[in-house]
Number of protein chains: 4
Amino acid sequence: MRKLRMGMVGGGTGSFIGDVHRKAAAIDGMIELVCGAFSSSAQRSKESGKALFLPEGRCYASFEEMILAEKQLPNGDRMDFVAITTPNHMHFAPAKLALQNGFHVVCDKPMTLTIEEAKELIALVEETGLLFALTHNYTGHPMVRQAKAMVANGDIGKIRKVQVQYLQGWMATSVEKEPSGKDFWRADPAKSGMGGALGDIGTHAENLTEFITGLKISELAADLGRFGEGRLLDDDGNILLRMENGAKGTMSFSQIAAGEENNLAIRIYGEKGSVEWHQENPNELITRWLDQPKKIFTPNGNGLYPEAASVSRIPSGHPEGYLEAFATVYRGFVQHLMALLEGKTVQNPTYPTVYDGLRGLQFISAAVQSDSNNAAWTKLQ
Amino acid sequence: MRKLRMGMVGGGTGSFIGDVHRKAAAIDGMIELVCGAFSSSAQRSKESGKALFLPEGRCYASFEEMILAEKQLPNGDRMDFVAITTPNHMHFAPAKLALQNGFHVVCDKPMTLTIEEAKELIALVEETGLLFALTHNYTGHPMVRQAKAMVANGDIGKIRKVQVQYLQGWMATSVEKEPSGKDFWRADPAKSGMGGALGDIGTHAENLTEFITGLKISELAADLGRFGEGRLLDDDGNILLRMENGAKGTMSFSQIAAGEENNLAIRIYGEKGSVEWHQENPNELITRWLDQPKKIFTPNGNGLYPEAASVSRIPSGHPEGYLEAFATVYRGFVQHLMALLEGKTVQNPTYPTVYDGLRGLQFISAAVQSDSNNAAWTKLQ
Amino acid sequence: MRKLRMGMVGGGTGSFIGDVHRKAAAIDGMIELVCGAFSSSAQRSKESGKALFLPEGRCYASFEEMILAEKQLPNGDRMDFVAITTPNHMHFAPAKLALQNGFHVVCDKPMTLTIEEAKELIALVEETGLLFALTHNYTGHPMVRQAKAMVANGDIGKIRKVQVQYLQGWMATSVEKEPSGKDFWRADPAKSGMGGALGDIGTHAENLTEFITGLKISELAADLGRFGEGRLLDDDGNILLRMENGAKGTMSFSQIAAGEENNLAIRIYGEKGSVEWHQENPNELITRWLDQPKKIFTPNGNGLYPEAASVSRIPSGHPEGYLEAFATVYRGFVQHLMALLEGKTVQNPTYPTVYDGLRGLQFISAAVQSDSNNAAWTKLQ
Amino acid sequence: MRKLRMGMVGGGTGSFIGDVHRKAAAIDGMIELVCGAFSSSAQRSKESGKALFLPEGRCYASFEEMILAEKQLPNGDRMDFVAITTPNHMHFAPAKLALQNGFHVVCDKPMTLTIEEAKELIALVEETGLLFALTHNYTGHPMVRQAKAMVANGDIGKIRKVQVQYLQGWMATSVEKEPSGKDFWRADPAKSGMGGALGDIGTHAENLTEFITGLKISELAADLGRFGEGRLLDDDGNILLRMENGAKGTMSFSQIAAGEENNLAIRIYGEKGSVEWHQENPNELITRWLDQPKKIFTPNGNGLYPEAASVSRIPSGHPEGYLEAFATVYRGFVQHLMALLEGKTVQNPTYPTVYDGLRGLQFISAAVQSDSNNAAWTKLQ
């Protein structure tokens, strides 16, 4: 085997999430960045590529140019997959073109702007047999994997209650009106899609809930807020959840929760016990029980299921963080792709895929519709 | 001045909340227990009184007997006030009779079974000028007082978002079917009222929210659960909140949250910062800010408002707990009553009163109505 | 049985520890304060007594007057025991006189100024058969009791390592030079004894270590600090410990640890596991294991030993604090005394006694001696 | 500029610390692994290199072979620096040979087995002008940098007290007697040096103390333990510290602290405030103050000094961990080396160097000597 070759769409100098993708792809030493269309400006794309020590010839002016040019390269040079790290409205087109030209895809979330686009990508993936990873990075944390395994193994019994929250405060003031605000596209419906905070972080909360519980959200009642002056998209939301098995719950997300940094947290209660996880302190899984004291699990610590132990890189007590969890999504994708290249079959990909992308869009769509009906119950479909 | 004399209704041997009232009343050395109708059985009332070192003659067979007998005692012996610590359905009658016979009242929550009863007590209090304290004990914590003062002083700016939860797990199994279950009345609509967990702990969450924010909940959308087999009353609830000033939020409460002990917690977000408090670790107030690091306040620690500093009994770092907060409600009541007995006027009682009791009933009523309409928005009135 | 009657020495208006003793004695409703020599000024003693609702006739001008006068009272009125809450140099004389006149004693720590005085009190206690409780209040916490029981039951195996600390910051500046400083006696060798922080809080650390481990400190190497300008007594100390079974450890205490409130904490490591407890968050016992995840015990929570469960007053999740732990020392004393009055025998008093007082003095003495020998190893004897 | 080229000594498949070095070097995309002598077995070295996607020709059978062969390569291919990740006794020889042949060095700690070797490396570094980074990785955490900057800026005033601990439990049982134990060299004086836990983790505690305080430990009194059956080297230690400015403190480290994972923590008290940091939760810096509430700083959060802000890779609330801190040491080294290659001057390297390596050996030596003199005070020299 060899290192896999990655081409990037987006992620020019100064980009937050593009840099995250690169670092995450680099950690495990299995991926080599070989090319990119880092910016919609050819000049900035070249400059970004240079800062990344790439040859000028593989710094492209557009994703179209990159995909078509790479396709022409010999097998031993050509990129293997595309990593899409652009704003939301720029996910669909490069993903589609990559799949149509035989490239596997890693894509940021939310996957597309509409359910229809999501379904089109699913069709392409099924048709081509190419791999598609969606970077719901929080699924990569060892303690999230442990929570999922404990639920799957019935440790906490049938699930009754879910509480999930994702609280940030960086839009508490009108950041989109500051000239510097590089992330202002998030407040622009044309670039962000139907949802504001809903799409940006609500989808993480939705994905994490379904990932750990193994249950689908069947319906929801959403009360979205637009607290920032003149803001068109939601910057806050409170949602009642009903799960397919009869469990109930709440979701709360916000980008105007003043002082919060990145407070994603989830609690899941079953008939016999419960699990609790906090993204800001990700190396603990708090578990509570009807008849035993509270137990705290840690990565590579005592009592883990293999699904959790296998994604810790270092001994217990040595904290891993956001980048490592992101890297675990990449690693799952790479391991799958390497197996594919070696002609092997993989039963259950461990990373989120195009189907999770569709769930995200269904969630956004249902929440927006519910909110416009004064929080009426709305099914995800 | 002298110690004030307390008579108890309920709270016989083995009672949880009756014992809490006694300990809370004792801590500050300003109250003397002089009599009680501790049980609906005359025999058990006497036995309970004996265990409390009371003379047999003041252990009554019923609250009616107690109130009427004490009324006949000379001024220097007669109880000053009645503490009502019975199950919910036994609050109204003794409260009413006490007020009608000139006794001040301390009453557990929820105050009554119905809004009508609550209004009747308000009318009696206004008519007689007697004092009425409702033991929403969590309002007595120094850090809750600090949170309230910070909000009132505008430190966190206009409030936008509220998250409140009250999670217990002791009804995760069918405890009411165990022969021993002394608290089985909580699952019985005749004794508990319209609400199960809603009345028992949801009202604490409601009261704490309105206490700290100084805002009224204007409407709610409630999805209640009845997870315990054959349970008639709710044992779980998820509620969307809208506050009178436009803020939004969630409330979640449960008595089937397996493994939880008494996890009451609240977070309030304003335009400039936020406050967070956890009952299980009550001696910290976590505050977050747009432009400063997180600050943790402690009882008698640095930077407190007088409203908080004045209710800490011991130096910082010496934790106070549940009983002390309960005692602070009693102390506020006693200070008010002593002032009254000395002919002084008190501007703002610091303890919850009969009006908070009405709010609780309005909250229960709205939540039950909303739930029966599939979580339709329902106003509190 | 009846309430036991307490007379106080010290604890006049404004006193910290006197007020703590009163509240602690009051919580469980088994003790009645009947008299006191609250101050060395007769006038202030009367005023203090009045504020406590005591009759003027039982507010004495001195402890001698109190002890002799109470001795003359009829059996049904006379105090049962004396609670001594004065500065360190005023413990021995009233304790001795009380014992000599047939009164049981509750005494604050450190018990005396010298080992000789401590031995004299032991002799008196053994001679008279009277009870003597030393208020090492931290032994009263349910989680401290759980830790002790776990060690005693061999859960963590043979003990190898101890870490104990007691950190405060209130003497970081020269508080003793401020005119207001009511606690200035603590910096005065004549009133405080050989040790400053050593006697005040080091003894708590020593007592807690021996209480939980069931092991004696055999020798120590102490490096004391006097950081406050012109301070004669230590305000900081770092000590190496060797326990009688070969375990080793560190103790660190300070009253100049700027910003610390009352950070007493202990960790004990055995061959199989370890226990950790923090006074500022006393309702958790953190335990770690060779082959299991970390487990957190809570008062009245799952998995407690009877020794811990029996000293929790309220359901799990309802925090108890400093006063309750103090009250548990009082309750142990009261239960013993009631048993004695009823002619029963008590095998193992659960509260610290005169022998713990001697250990404290031996500890202070050894540490001072070691420090004056440049931290040479010094045996406790 | 181009990526810098790294050659590794040690770090074959299955190695913990070698893998850490590779991941840390990879994260920021500035280093390329080009060759290695991964094992003392030529065969295993080749296999390890293959798993790392290296060409067979650059997987060497020994560090001598690697250094001499690479030296012959053209400038554009040759490695720039050597990363030494072998057991302690194998640090000195490759470091020396690399320096003698013109290669910069990154070396794991403790740097050498003896003070003499350390001084020899210093002489070589000074003579050649080559760079030498010692991977005291904990210095790379943003919150450690913040602590150092706060101390340097006088925020907490003159330092009075230090508490540092480094507690692990993985040697609580006789792991070195298990056939599988790959780390058994740590219990072997010939491979580990004078110190066991002392050298392995005590040196981290020593380095962190001097790094944050900017003060040298002037003397110490060490009581080392050998609790594991038949263990020749210390597996536990308790040390009294005296700092050059008069501050005092304790250090405690252990590898037999049953249940501990990697509990490195430090508290530093000054005249005005204090800082506290825990490696297992590295994204918080707890600060306490004489006159303000406790403040918690976070990476990229509010109120950071540039020294801390500049080493956070991602927005606040997105936790970084062990690997990122390690990577920050590498990044500091790479930035220095790139500057050097571009002919620029760097004033103050931000990474630990050969001088820190000497301090570590002086610390080990003093502690071993003190311990053999029954914990007599011993100067570091």
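Reader: Which residue has its backbone oxygen 3.0 Å from a polar atom of the side chain of T378(D)?
Author: A polar contact is a pair of N or O atoms within 3.5 Å; within protein, one must be able to donate a hydrogen and the other to accept it, and residues adjacent in sequence count only if both atoms are side-chain atoms. The backbone oxygen 3.0 Å from the side chain of T378(D) belongs to A376(D).

Reader: What kind of model is this?
Author: Residues are numbered from 1 along each chain as its sequence is written, and chains are lettered from A and ligands numbered from 1 in the order in which they are written. Side-chain values use heavy atoms, leaving out hydrogens and water; local features need pLDDT of at least 70, side-chain atom pairs count only at pLDDT 80 or more, and totals for chains, interfaces and linings use all residues, for this is a predicted model.

Reader: Is T378(D) buried or exposed?
Author: T378(D) sits in strand β14 (residues 378-379) of chain D. Strands are DSSP runs of E, at least two residues, and helices are runs of H or I, at least four, numbered from the N terminus. Buried means under 20% relative accessible area, exposed over 50%, and partly exposed in between (1.4 Å probe, protein chains only). At 7% relative accessibility, T378(D) counts as buried.

Reader: Which residues does T378(D) touch, beyond those up to four places away in sequence?
Author: Contact means heavy atoms within 4.5 Å. Leaving out residues up to four places away, the partners of T378(D) are S218(D), E219(D), L220(D), A366(D), Q369(D) and S370(D).

Reader: What separates the C-alpha atoms of V164(A) and T209(A)?
Author: V164(A) belongs to strand β6 (residues 159-167) of chain A and, at 3% relative accessibility, counts as buried. Its contacts beyond four places in sequence include T209(A), L241(A) and M251(A). T209(A) is 45 residues away along the chain, yet the C-alpha separation is 7.3 Å.

Reader: How far apart are the end C-alpha atoms of α1(D)?
Author: The expected span of a helix is 1.5 Å times one less than its number of residues. The twelve residues of α1(D) should therefore span 16 Å, and this agrees with the modelled distance of 17 Å.

Reader: Which elements do the buried residues of α1(D) pack against?
Author: Ten of the twelve residues of α1(D) are buried, so the helix is largely enclosed by the rest of the structure. Among them are I17(D), V20(D), A24(D) and I27(D). From chain A the partner is α1 (16-27), and from chain D they are β1 (4-9), β2 (31-37), β3 (81-84), β4 (104-107) and α10.

Reader: Which residue just after α1(D) takes a positive phi?
Author: At the start of α1(D), a side-chain oxygen of S15(D) comes within 2.8 Å of the backbone nitrogen of G18(D). Just after the helix, a positive phi of about 65° is taken by G29(D).

Reader: Which three residues of chain D lose the most area to chain A?
Author: Buried area is the accessible area (1.4 Å probe) that two parts lose on being put together, summed over both. Between chain D and chain A it is about 2700 Å², with 65% from carbon and sulfur atoms. Together giving 24% of what the chain D side buries, the three are F53(D), E261(D) and P319(D).

Reader: Which residue forms a salt bridge with D28(A)?
Author: A salt bridge is a side-chain nitrogen of Lys or Arg within 4 Å of a carboxyl oxygen of Asp or Glu. The count between chain D and chain A is two. With closest N and O atoms 3.3 Å apart, the partner of D28(A) is K23(D).

Reader: How many salt bridges cross the interface of chain A and chain B?
Author: Here 46 residues of chain A are in contact with 46 residues of chain B. The buried area is about 3400 Å², of which carbon and sulfur atoms give 51%. One salt bridge joins E260(B) and R288(A), with closest N and O atoms 3.5 Å apart. The interface count is eight.

Reader: Which strand gives the most to the side of chain A that touches chain B?
Author: The interface has 28 residue pairs in polar contact, both residues at pLDDT 80 or more. Strands that each supply at least two residues of the chain A side include β6, β7 (217-225) and β9 (248-254). With seven residues, the leading contributor is β9(A).
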